[in-house]
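The following account leads the reader through selected features of a single protein chain, with the coordinates at hand.

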Amino acid sequence: MASLNVGNLGEYLREQRRAAQLSLRQLADATGVSNPYLSQIERGLRKPSADVLQQVAKALRISAETLYVRAGILDEREREELETRAVILADPSINERQKSVLLQIYDSFRRENGFVPGPDADADADADGDAGLRKDAEPRKDAGPGKGAGPREGDDAGADATEDHDPHS
């Protein structure tokens with residue numbers, strides 16, 4: 001069987017598996033992929049599917065996108081965009097609305113610099129339908145930290161509007 005050109009994927013996987021101190025058998029158990037098939041991938045004899053790469057990445061605790069690039073499934077620029085989006089979406093210190101707004105801003109900067117937003121850009125932007133920021137709108141100029149596009153629960157942004165209408169005065 002001739003070796004396939006999978007961009008040194010097999011060698012990289014072997015290095016990652018050894019760094020994780022896993023045998024092929026242990027990796028096979030963790031991924032649900034057969035031991036002989038993993039061996040063939042490492043030796044460059046098989047080109048795995050994206051699903052197999054995702055299972056391997058999860059078991060090795062590495063980026064699936066990095067494996068996709070090495071396997072020729074994804075190009076480097078797409079990987080960088082996906083990883084940026086993943087980091088934003090995984091950040092526990094910001095809420096869903098803030099994530100949505102941040103992804104919209106990220107996409108607008110990419111468009112401004114000549115890059116086309118990724119396939120999930122619209123889905124991310126629409127994930128929080130009440131994000132308070134249209135694609136053609138800018139964030140409020142007076143917004144402080146955590147108050148990008150509008151009031152949220154716990155903010156007293158509406159207090160100014162009701163001060164003049166106190167029913168007890």
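A search of the whole structure, which is a predicted model, finds six salt bridges. One of them is formed by Glu42 with Arg17, whose closest N and O atoms lie 2.6 Å apart. This pair links distant parts of the chain. Glu42 belongs to helix H3, whereas Arg17 belongs to helix H1 (residues 9-19), and 25 residues separate the two.

Rolling a probe the size of a water molecule over the atoms shows where empty space is left. When the whole structure is searched, one cavity of 30 Å³ or more is found. The largest cavity holds about 40 Å³ of space. By class, the lining divides into six nonpolar residues, no polar residue and one charged residue.

Which helices each supply at least two residues of the lining? They are helix H3 (35-42) and helix H4 (50-60). Of the contributions to the lining, that of H3 is the greatest, with three residues.

The axes of helix H5 (residues 64-71) and helix H6 (residues 76-90) come within 9 Å and cross at roughly 175°. H5 is therefore roughly antiparallel to H6, because angles over 145 degrees fall into that class. From H5, the residues Glu65, Thr66 and Val69 take part in the contact, and they meet Glu76, Arg79, Leu82 and Glu83 of H6. The residues of this contact divide into two nonpolar, one polar and four charged.

Methods
Residues numbered from 1 in each chain as written. Predicted model: local features only at pLDDT ≥ 70, side-chain atom pairs only at ≥ 80, totals over all residues. Heavy atoms only, no water. Axes fitted to C-alpha atoms, helices over the stretch in contact; angles between N-to-C directions. Helix = DSSP H or I, 4+ residues; strand = E, 2+ residues; numbered from the N terminus. Parallel < 35°, antiparallel > 145°, perpendicular 65-115°, else oblique. Contact = heavy atoms within 4.5 Å. Nonpolar A, V, L, I, M, F, W, Y, C, P; charged D, E, K, R; others polar. 1 Å grid on protein atoms, 1.4 Å probe; cavity = no way out; pocket = protein on both sides within 12 Å on 5 of 7 lines; lining within 4 Å. Points joined across faces, edges and corners; volume = space filled by probe spheres on them. Salt bridge = Lys/Arg side-chain N within 4 Å of Asp/Glu carboxyl O.
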